[in-house]
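Dear colleague,

Please find the structure below, handed over for your own work. My notes on its strands and pockets follow.

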Amino acid sequence: MIERLENNNIEVSQKIRSVFQASYKIEAELLNAIDFPPLKRPLESYIDSETEFFGYIKGKELAGVVEIKSNDEFTHICSLVVAPDFFKQGIASALIKFVFNTFDSQLFIVETGLENGPATALYKKFHFKEVKQWNTDHGVRKIKFERRIK
């Protein structure tokens, strides 16, 4: 089940951050990143965020989270994370489908580390097209994908 998460609630944001931390630890390893800014994101930035968070609940656990910023021009998938205990269970795909079905956009945007094979494969599976690559100041090569809906 996917539901909107009330990130301004401290306890909810603590759960969100916990999933982000566990998932980003794995991503940092995939990217061979020593300094990985997503791992430094403080709890307050979740609580005070103007983005929307949606969680995939499995049993009573928060198994995955997608963070969205949407406006009249596009929907940006700011983050999509799955708790490692729930990898390879279709949760990321379910969250992507949810985004497409929930947000009425002509353009969907997402970025990830180039060497994050599972993420790049997921976005390509959903017909995202590569539009840009660049090096970050913390040593990670990133890739930006877009999907345009006609």
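Strands β5 and β7 (residues 141–148) pair in the antiparallel sense over seven bridges; strands are DSSP E runs of at least two residues, helices are H or I runs of at least four, both numbered from the N terminus, and pairing requires at least two DSSP bridges. In this pair, L107 stands opposite R148 of β7. Strand β6 (residues 129–135) also runs antiparallel to β7, joined by six bridges, and N135 stands opposite R141. Five residues separate the strands of the β6 and β7 hairpin, where G139 takes a positive phi near 85 degrees.

The model is predicted: local features need pLDDT of at least 70, side-chain atom pairs count only at pLDDT 80 or more, and totals for chains, interfaces and linings use all residues. Residues are numbered from 1 along each chain as its sequence is written, and side-chain values use heavy atoms, without hydrogens and water.

The largest pocket holds about 890 Å³ of space. A pocket here is an open set of points on a 1 Å grid over the protein atoms alone, where a 1.4 Å probe fits, with protein on both sides within 12 Å along at least five of seven lines; lining residues have an atom within 4 Å of a point. Volume is the space filled by probe spheres set on the points, which are joined across faces, edges and corners. Its lining comprises 39 residues, with S23, E27, L80, N116 and A119 nearest the centre. Strand β4 gives the largest share of that lining, seven residues.

The second largest pocket has a volume of about 160 Å³.

Kind regards
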